[in-house]
Amino acid sequence: MVRVPRLVIAAPASGSGKTTVATGLMAAFAARGLAVSPHKVGPDYIDPGYHSLATGRPGRNLDAYMCGTDLIAPLFAHGSAGCDLAVVEGVMGLYDGASGQGELASTAQVAKLLRAPVVLVVDASSQSRSVAALVHGFASWDPEVRIGGVILNKVASDRHEALLRDALDESGLPVLGVLRRAPQVATPSRHLGLVPVAERGSEAVDAVAAMGERVRAGCDLDALMALARTAPALPDETWEPEYAQEPGATAVEPGALAVKPVVAVAGGAAFTFAYAEHAELLAAAGAEVVVFDPLRDEKLPGGTAGLVIGGGFPEMYAPELSANEPLRRAVTELALSGAPVAAECAGLLYLARELDGKPMCGVLDAEARMSERLTLGYRQAVAVSDSALAVAGTRMRGHEFHRTVLEPGAGTTPAWGMHQPERRVEGYVQRGVHASYLHTHWAASPGVARRFVEHCRAR
């Protein structure tokens, strides 16, 4: 059985302070010497970076839309193995999920799948006695969601705190923390949310430390730990990358594992979006995974047989990426040689001819530019043609999240046919390249990683 104590940090709405509280709790408990496992509900890549900084462990996502409900507990068990405590930061409001899909992918659904108590973070800045009605409504909406306490955020004064506590005395839910307004802990945001940890350096370290101190001073950590320990055991169905296979797939031959093709994975400040399970699946399939930084490295890792370029913010670094001509040439040569290349969102832009007028790799005959329009949401997709990632007809769920536009948006051989929210084709498949705006979670389709490594090994 999986017996990791755990808490889900939720809120009535976005902007209530979930990230501050969740990250602060992770840092505060880690400072006590506990091994803390950090998790984030939904497809978000940025918050897990702060979680990782707070705990020293990979921040992991729990997305019931992309991975399916059956994988939530196993992925949680994998990430939290050997830990003293797990803290799960929710997404949006507690009961908000995938558009038009009921509770699917909501924080409430994940909390139920993990059988975890919920701590509700309430922005109390503009209310007093009404807070009790708000908390009562959230606590009683779904009897299967167990709200174990409240943390009051953005409290103005001692008198304000007293009014809030008096009101909540009638709710039956304990106040587990009170946080005063503290702008110095705020983290900067821009067009896609918080600025990632990799771009902030020591500022991010200081911000996480400030969150940890603020939570330590304002929250009852002993009571929160006691609440976490009330979470019942989960069945021992731990997800393991070594054994994750598509239905009907055979195990990787031991002899094949002896040949380890080098898979270069883009990292650094421009390419910060990645799920930890992707690298684990590549390694389990027999690859040697090597991270490189397109902003700094002028050549690909030695012996590169395949390339993975995930998401991030190339639009913020277009001049620097363009100026690194040696690496751009190396990427172009690799792609033109037919080597497997998997590019998602930022990677798609990097492979284009240009981005905001700055020359990129030119692998794809397309131009990218920043846009005022945010493209955001879950997607249902089917592979249009065979590629290094999937055979034609493979169905996957993914997520789009960008403020850029690529013209044309699809090549003569598109990557995906989209079925939601509208029917369209998108992306590029040419030679060994699979490039698309769609972010996918390979744990839901582990055959993707295995197929990619097999293509690398065949070169």
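Mentor: Before we go through any lining, Ala, Val, Leu, Ile, Met, Phe, Trp, Tyr, Cys and Pro count as nonpolar, Asp, Glu, Lys and Arg as charged, and the others, Gly among them, as polar. This is a predicted model, in which local features need pLDDT of at least 70 and side-chain atom pairs count only at pLDDT 80 or more, while totals for chains, interfaces and linings use all residues. Residues are numbered from 1 along each chain as its sequence is written, and side-chain values use heavy atoms, with hydrogens and water left out.

Trainee: OK, so how much space is in the second largest pocket?

Mentor: The second largest pocket holds about 780 Å³ of space. A pocket here is an open set of points on a 1 Å grid over the protein atoms alone, with protein on both sides within 12 Å along at least five of seven lines, whereas a cavity is a set where a 1.4 Å probe fits but cannot get out, and lining residues have an atom within 4 Å of a point. A volume is the space filled by probe spheres set on the points, which are joined across faces, edges and corners.

Trainee: And which residues lie nearest the centre of that second largest pocket?

Mentor: Phe-271, Thr-272, Phe-273, Ala-274 and Tyr-275 lie nearest its centre, out of a lining of 34 residues. By class, that lining of the second largest pocket divides into 23 nonpolar, 10 polar and 1 charged.

Trainee: Let's do charges: how many salt bridges does the structure hold?

Mentor: It holds 20 salt bridges, a salt bridge being a side-chain nitrogen of Lys or Arg within 4 Å of a carboxyl oxygen of Asp or Glu. One of them joins the side chains of Arg-353 and Asp-365, at 2.1 Å, N to O. This pair links distant parts of the chain, 12 residues apart, with Arg-353 in the loop between helix H15 (346-351) and strand E14 (354-355) and Asp-365 in the loop between strand E15 (358-359) and strand E16 (367-383).

Trainee: Is Asp-365 buried or exposed?

Mentor: Asp-365 is exposed, with a relative accessible area of 59%, whereas Arg-353 counts as partly exposed at 33%. Buried means under 20% relative accessible area, exposed over 50%, and partly exposed in between (1.4 Å probe, protein chains only).

Trainee: What else does the Arg-353 side chain meet in a salt bridge?

Mentor: The side chain of Glu-367 meets that of Arg-353 in a salt bridge at 2.9 Å, N to O. Here too distant parts of the chain are linked, 14 residues apart, Glu-367 being in strand E16 and Arg-353 in the loop between H15 and E14. Glu-367 is partly exposed, at 33% relative accessible area.

Trainee: And which residues form the salt-bridge network?

Mentor: Asp-158, Glu-161, Arg-165 and Arg-180 are linked in that network. Glu-161 sits in helix H7 (residues 158-169) and counts as buried at 18% relative accessibility. Leaving aside neighbours within four places in sequence, Glu-161 is in contact (heavy atoms within 4.5 Å) with Val-155, Val-178 and Arg-180.

Trainee: Last topic, how many disulfides does the structure hold?

Mentor: The structure holds 0 disulfides, where a disulfide is a pair of cysteine sulfur atoms within 2.5 Å. For Cys-67, the nearest cysteine sulfur, that of Cys-345, is 18 Å away. Cys-67 counts as buried at 9% relative accessibility, and Cys-219 counts as buried at 9%.

Conventions: Helix = DSSP H or I, 4+ residues; strand = E, 2+ residues; numbered from the N terminus.
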